[in-house]
Amino acid sequence: MLRNYKVLKGTASALALDDDKDPHIEIRIEAGGVSYRIAMNVRSKESPHDLLYANVMDFQHAELTAELAALPMGLTDIRGDRKDLAIDYVRGGMIEREDMDVAPFQLDGPKNDLRDFIEPIVQEGIADKSIHFYAFGEAWGPEKNKPDEYFGFEPGNGIHDIHMNQGDSGSFSATSGPNQDGALLIHFSDEDHWAAIFLGFQSQNWNTDAISGRPVGDNRGGQGRGEGTRRPQPIVASSLRIVAAMINPVNHPDGTEDETVTLVNRSDVTTSIEGWSLEDSEGRRQKLSGSLAAGEFRTIKLDPENGGPQLANKGGDIILINADGAVADRVGYGKSETANEGWTTIF
């Protein structure tokens, strides 16, 4: 469980990017004459490294936003003083797993990575002090005689874990708990308009215990429904889409298993897949042939013995490549989406 679950209210004054193996977007916040730093994760230490996110530009939650707008600037202790402000992704009805997409920290192209969604709204806030930021997470400081490592103000103060804080296993399980999830809410106070950014890790399980916040059994899928995620990135125009995959099939008596990928032709005409291929996260590729009739679904058995894709249960990508070698579709999944053996993952 988090030790200092709080919400920080303030205005943005600066933005920085760190450049290490655990990158964050760093936001300097001013509140009542005190400086703070918001440290937002943009990459997971565990595979798969790309984060889950939801960028809600018209956030509607009248009860919560009214209470937040009335808060004083600075830190508010949620666990000790304002339990009514706690955010819980799993139980709160504020965000659903299927509302979240997967995006890398940085990727060429517009509106397809976390920097594209987070940086512009922070820059707008730096220029307009009527925009108020509310960061939910774990607070630290004040760190006496220790200037902030990114912005240099003293004493060091800040808030991190601005993401889902339950459903973790392994070394992170100790900090799991219900009613302590992180998020960044933004209030455009002149217009009384709200936006929200929700973040999570693909390795987190969405079936969690209501008391401990830890996963309810290792053999249950992350949402209990087995959905994967379509990667938000530029793709060539194509009527063909990956719609499902059997990632964790039940083994045959001889120990073999049949991993499959299902395609659909969404168009009203027959489409050739001659020269097309399926590829996994490691670049293993399998050629396709034939064609799909209008509206046809086709399930393709993967052939790893001959160099074809292998769908790792720990998480990965499935990529559809067209005859010109361009990405026609790309989907991703995490470990939690494959935990139900014999279940089909839907994209």
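**View 1. Four strands of this predicted model form an open antiparallel sheet, in the order 18-13-12-21.** The edges are strand 18 (297-301) and strand 21 (345-346), each of which pairs on one side only. Strands here are DSSP runs of E with at least two residues, numbered from the N terminus, and two strands pair if DSSP finds at least two bridges between them. Strand 12 (residues 240-246) is joined to strand 21 by two bridges, and alanine 244 stands opposite isoleucine 346. Before you look further, note that this is a predicted model: local features need pLDDT of at least 70, side-chain atom pairs count only at pLDDT 80 or more, and totals for chains, interfaces and linings use all residues. Residues are numbered from 1 along each chain as its sequence is written, and side-chain values use heavy atoms, with hydrogens and water left out.

**View 2. Leucine 263 sits in strand 13 (residues 260-265).** Is leucine 263 buried or exposed? Leucine 263 is buried, because its relative accessible area is 0%; buried means under 20%, exposed over 50%, and partly exposed in between (1.4 Å probe, protein chains only). Its C-alpha atom is separated by 5.7 Å from that of valine 243, 20 residues apart along the chain.

**View 3. Strand 9 (183-188) is largely enclosed by the rest of the structure, because six of its six residues are buried.** In a regular strand, side chains alternate between the two faces of the sheet. Here both faces are covered: Ala183, Leu185 and His187 are buried on one side, and Leu184, Ile186 and Phe188 on the other. Strand 7 (residues 131-143) runs antiparallel to strand 9 and is joined to it by six bridges, with phenylalanine 136 partnering alanine 183. Five bridges join strand 9 to strand 10, again antiparallel, and isoleucine 186 stands opposite alanine 195.

**View 4. Strand 9 and strand 10 form a hairpin with four residues between them.** Look in the turn for aspartate 192, which has a positive phi of about 50°. Glutamate 191 lies in the loop between strand 9 and strand 10 (193-201). Glutamate 191 counts as exposed because its relative accessible area is 61%.

**View 5. Strand 4 (residues 51-56) pairs with strand 6 (residues 101-103) in the antiparallel sense, over three bridges.** Leucine 52 has valine 102 in strand 6 as its bridge partner. Strand 4 also runs antiparallel to strand 10, and six bridges join them; there, tyrosine 53 partners leucine 199.

**View 6. Aspartate 148 and arginine 37 meet in a salt bridge (2.6 Å, N to O).** This pair ties together parts that are 111 residues apart in sequence, because aspartate 148 lies in the loop between strand 7 and strand 8 (156-160) and arginine 37 in strand 3 (residues 34-41). Both residues are buried. A salt bridge is a side-chain nitrogen of Lys or Arg within 4 Å of a carboxyl oxygen of Asp or Glu. Glu26, Arg37, Asp148 and Glu149 are linked in a network of such bridges, and the structure holds 13 salt bridges.

**View 7. Aspartate 280 and arginine 284 form another salt bridge (2.6 Å, N to O).**
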